[in-house]
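The notes below are meant for a colleague who is opening this structure for the first time.

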Amino acid sequence: MILYLDTSALVKAYVSEAFSENILEAMEQAKIVATHPIAYVEAHAAFARIKREKKITQEEHELIKKNFRTDWINFLLFHNNEVLLEHAANLADVLLLRAYDSIHLAAADLLAKKSKIPVTFACFDLALNKSAHVLGLILLTAHSPFSKVASR
């Protein structure tokens with residue numbers, strides 16, 4: 001299985017939150033873990049917000065960033081190209097998605113269409129999960145055989 005992580009799921013691999021253990025378990029079971037490069041910036045913004053909200057210490061923040069940067073080279077990155085951007089723009093228009101959500105969904109959808117290995121989409125945004133379902137993507141949900149992650 002290829003596990004595609006949007007940023008909401010990716011952050012859970014580095015910050016202990018609800019469903020973090022499920023994301024880590026799914027990552028261990030995946031043959032490949034994929035995301036879009038925008039997740040790098042979004043994750044750092046999330047880590048900074050979590051620190052600002054005093055949910056983690058400065059030391060924890062530095063360790064999280066170090067671990068994330070170390071792991072980043074192991075992710076399959078689905079980079080922008082004209083096909084991806086056009087698909088994302090269409091998804092934003094038709095499914096009424098935010099820009100970066102459209103990018104993540106388009107990347108996962110194109111990856112699923114090109115891959116011979118099943119792609120599972122992990123996300124913790126209800127609207128994005130509904131849109132992924134409409135596209136026929138496999139969702140990491142409570143019904144997945146390898147996880148108890150709940151769609152929200």
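1. In this predicted model, the crossing of H3 and H4 is right-handed, and the two axes, which come within 10 Å, cross at roughly 165 degrees. Since angles over 145 degrees count as roughly antiparallel, H3 and H4 are therefore roughly antiparallel to each other. On the H3 side the contact is made by Ala39, Tyr40, Ala43, His44, Phe47, Ala48 and Lys51, which meet Gln58, His61, Ile64, Lys65, Phe68, Arg69 and Trp72 of H4. Sorted by class, the residues of this contact are eight nonpolar, three polar and three charged.

2. Helix H3 (residues 38-52) also packs against helix H6 (residues 99-114), with axes that come within 11 Å and cross at roughly 130 degrees. The crossing of H3 and H6 is left-handed, and the residues that make the contact are Ile38, Ala39 and Glu42 from H3 together with Tyr100, Ile103 and His104 from H6. By class, four of these residues are nonpolar, one is polar and one is charged.

3. Which residues does H5 bring to its packing against H6? They are Val83, Leu84, Leu85, His87, Ala88, Leu91, Ala92 and Leu95, and they meet Ser102, Ile103, Leu105, Ala106, Ala107, Asp109, Leu110 and Lys113 of H6. The axes of H5 and H6 lie 8 Å apart and the helices pack at an angle of about 120 degrees, which makes H5 oblique to H6. This crossing is right-handed, and the residues of the contact divide into twelve nonpolar, two polar and two charged.

4. Aspartate 109, a residue of helix H6, deserves a separate look. Its relative accessibility is 2%, and aspartate 109 therefore counts as buried, given that the term applies under 20%. When residues up to four places away in sequence are not counted, aspartate 109 touches His87, Leu135 and Leu137.

5. Once its neighbours within four places in sequence are left aside, serine 131 is in contact with Leu95, Leu97 and Leu105.

6. Helix H2, which spans residues 20-29, has Ser20, Asn22, Ile23, Ala26 and Met27 as buried residues. Seen down the axis of H2, these buried residues fall within an arc of 165 degrees, so they line one face of the helix. The face turned away from that buried side carries Glu21 and Glu28, which are exposed. As for what covers the buried residues of H2, the cover includes strand S1 (2-5), helix H1 (7-12), strand S2 (32-35) and strand S4 (119-122).

7. Most residues other than glycine have a negative phi. Lysine 54, although not a glycine, has a positive phi of about 60 degrees; lysine 54 lies in the loop between H3 and helix H4 (58-72) and, at 73% relative accessibility, counts as exposed. Leucine 96 likewise has a positive phi of about 60 degrees without being a glycine. Leucine 96 is found in the loop between helix H5 (82-95) and H6, and it is exposed, with a relative accessible area of 74%.

8. A last point concerns alanine 46, which is found in helix H3 and is buried, with a relative accessible area of 12%. How far apart are alanine 46 and histidine 133, in sequence and in space? The two are 87 residues apart in sequence, and from C-alpha to C-alpha they are 25 Å apart in space.

Note on methods: Residues are numbered from 1 along each chain as its sequence is written. This is a predicted model: local features need pLDDT of at least 70, side-chain atom pairs count only at pLDDT 80 or more; totals for chains, interfaces and linings use all residues. Side-chain values use heavy atoms; hydrogens and water are left out. Buried means under 20% relative accessible area, exposed over 50%, partly exposed in between (1.4 Å probe, protein chains only). Helices (H or I, at least four residues) and strands (E, at least two) are DSSP runs, numbered from the N terminus. The arc is that of the directions from the helix axis to the C-beta atoms. Contact means heavy atoms within 4.5 Å. Axes are lines fitted to C-alpha atoms, for helices over the stretch in contact, and angles run from 0 to 180 degrees between N-to-C directions. A crossing is left-handed if the near helix is turned anticlockwise from the far one by less than a right angle, and right-handed if clockwise. Ala, Val, Leu, Ile, Met, Phe, Trp, Tyr, Cys and Pro count as nonpolar, Asp, Glu, Lys and Arg as charged, and the others, Gly among them, as polar. Angles under 35 degrees count as roughly parallel, over 145 as roughly antiparallel, 65 to 115 as roughly perpendicular and the rest as oblique.
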